[in-house]
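Let's walk through this chain together, one question at a time. Keep the sequence and the 3D view open as you read.

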Amino acid sequence: MTSVYELISEAAEREREMRPASAPTSPAARSHRRPIALRATGSSSCDSDLSQDPWQVDRAPGYGPGASTIDPVPEHSPRQGPLPERYTAASDDQLADWITAAREALGPRVQILGHFYQRDEIVQYADFVGDSFMLAQAAKSSPEAEAFVFCGVHFMAETADILSGRDQAVILPNLAAGCSMADMATIDQVEACWRDLMAALGTTAEDGRRTVIPVTYMNSSAAIKAFCGRNGGIVCTSSNARAVLEWAFERGQRVVFFPDQHLGRNTAKAMGIDEAEMPLWRPHLPLGGNTEQQVRDARVILWNGFCSVHKRFTVAQIERARAEYPDVRVIVHPECPASVVEAADGAGSTEYIRREIEHAAPGSVIAVGTEINLVNRLQQQRPDLTIFCLDPVVCPCSTMYRIHPAYLAWTLEALLDGSTPNRISVPDGVADDSRVALERMLAAKP
Ligand code: SF4
């Protein structure tokens with residue numbers, strides 16, 4: 001069987017071929033700290049605090065301005081310490097010069113990984129741009145690098161650490177860059193859920209399959225990926241969720257899906273599973289707020305988590321887009337609610353959205369239901385198309401947004417000085433069990 005590392009290397013090689021080794025520095029992106037580019041027809045930003053510097057936001061409770069501002073941050077979440085004044089007081093041009101100089105001095109020893117949802121002021125410096133798994137693959141396929149500066153959020157840096165070499169450091173420039181969705185399922189809650197399910201259903205069904213297979217979306221902590229690895233479960237991405245659920249149903253009667261209820265529901269519905277067979281698991285209630293019969297009748301038990309960015313999209317927005325542009329094609333991410341996915345013309349992962357736009361005929365009008373930084377970038381790449389975000393209120397992923405150029409400059413200069421700040425290290429046992437669940441995912445394809 002092809003090993004996980006061979007599969008990862010092949011995928012990363014394809015990704016390398018698709019993207020330049022280093023994106024050029026854009027003077028436009030250097031010139032300001034504009035929080036986000038407003039769409040021409042966009043009326044406002046979702047939170048005026050978006051114009052604040054992140055070190056001000058980091059001191060406040062909650063995730064900060066943006067789509068996830070109202071979600072509670074778990075107590076155990078790491079907090080970022082104060083940045084030296086050299087960085088907080090620096091101008092945009094100074095920061096750009098320091099980042100550029102440090103990158104040049106560090107050379108291939110340090111690779112910068114930038115998520116699709118990251119702001120342009122950061123993406124311009126990235127050696128690789130991609131979704132969370134593509135970036136982890138990039139880390140795996142760069143054995144020459146001593147460190148990866150991961151411009152994304154915490155769970156993504158954990159996955160990169162799991163897949164990269166033991167001696168390679170993965171660094172998150174701002175420790176406060178978590179993910180509100182991933183934080184909606186803690187390992188303690190997941191283990192309590194599992195105990196309840198095992199007590200209600202037992203471990204093995206009469207047909208010899210397991211009673212429940214745990215499936216976790218990539219957007220979850222390493223501890224939950226490891227839990228799935230230890231308990232016959234698997235990881236999925238938004239690209240392969242259906243193949244993963246098919247894998248799971250070959251081995252189990254039902255699935256418990258962490259932490260995104262929408263990806264779980266949308267995938268299961270596309271497979272013909274009735275919504276009545278998808279109870280929601282609310283982690284603070286006995287049996288997740290369900291009766292034992294509901295759990296027995298379930299095909300997919302959905303954890304009560306969601307992405308604060310994608311849950312903002314609505315059917316009314318799609319109707320408005322269709323009224324304004326009768327020929328519009330609407331494409332959305334499967335983290336959107338089921339009603340939105342059903343009203344759209346297509347739904348798929350970030351990579352699916354990127355490819356749809358890449359292959360769209362000139363002059364097409366496309367409304368996109370995903371994070372605004374990505375939508376704006378896609379519009380810049382295809383000026384011959386009319387591309388806009390379904391949500392007229394500009395609202396980025398607020399946790400991703402915490403990676404500000406000042407943190408990148410601080411991180412790179414610290415590496416140049418020989419220290420390794422904000423290293424994300426997954427303990428060996430957790431990494432080993434997570435790798436089991438990731439290997440199963442790669443074997444499940446596509
Ligand atoms: S866009 Fe949603 S799922 Fe992705 S990092 Fe932000 S909060 Fe998490």
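Q: Which elements are included in what covers the buried residues of α16?
A: This is a predicted model, in which local features need pLDDT of at least 70, side-chain atom pairs count only at pLDDT 80 or more, and totals for chains, interfaces and linings use all residues. Residues are numbered from 1 along each chain as its sequence is written. Helices (H or I, at least four residues) and strands (E, at least two) are DSSP runs, numbered from the N terminus. The cover over the buried residues of α16 includes β11 (329-332), β13 (365-369), α17 (372-381) and β14 (386-389).

Q: Which residues of helix α16 are buried, and why do they line one face of the helix?
A: A residue is buried if 20 or more other C-beta atoms lie within 10 Å of its own, exposed if 12 or fewer, and partly exposed in between, with C-beta atoms placed from the backbone. In α16, which spans residues 350-358, the buried ones are Thr 350, Ile 353 and Ile 357. They line one face because, looking down the axis of α16, the buried residues fall within an arc of 60° (taken from the directions from the helix axis to the C-beta atoms).

Q: Why is β13 largely enclosed by the rest of the structure?
A: Count the buried residues along this strand. β13 is largely enclosed because 4 of its 5 residues are buried.

Q: In what order do the 4 strands of the open sheet lie?
A: Strands of a sheet pair through backbone hydrogen bonds, either parallel or antiparallel. Two strands pair if DSSP finds at least two bridges between them. Here 4 bridges join β11 to β13, and 4 bridges join β13 to β14. The pairing in this open sheet is parallel, and the order is β12-β11-β13-β14.

Q: Which are the edge strands of this sheet?
A: An edge strand pairs on one side only. Here the edge strands are β12 (346-347) and β14.

Q: What is the bridge partner of Ala 367?
A: Look in β14 for this one. The bridge partner of Ala 367 is Phe 388.

Q: What is the handedness of the β-α-β crossover from β13 to β14?
A: A crossover is right-handed if, with the strands pointing away from the viewer, the path from the first strand over the helix to the second runs clockwise. The chain goes from β13 through α17 to β14, and this crossover is right-handed.

Methods:
Two residues are in contact if their C-beta atoms, placed from the backbone, lie within 7 Å.
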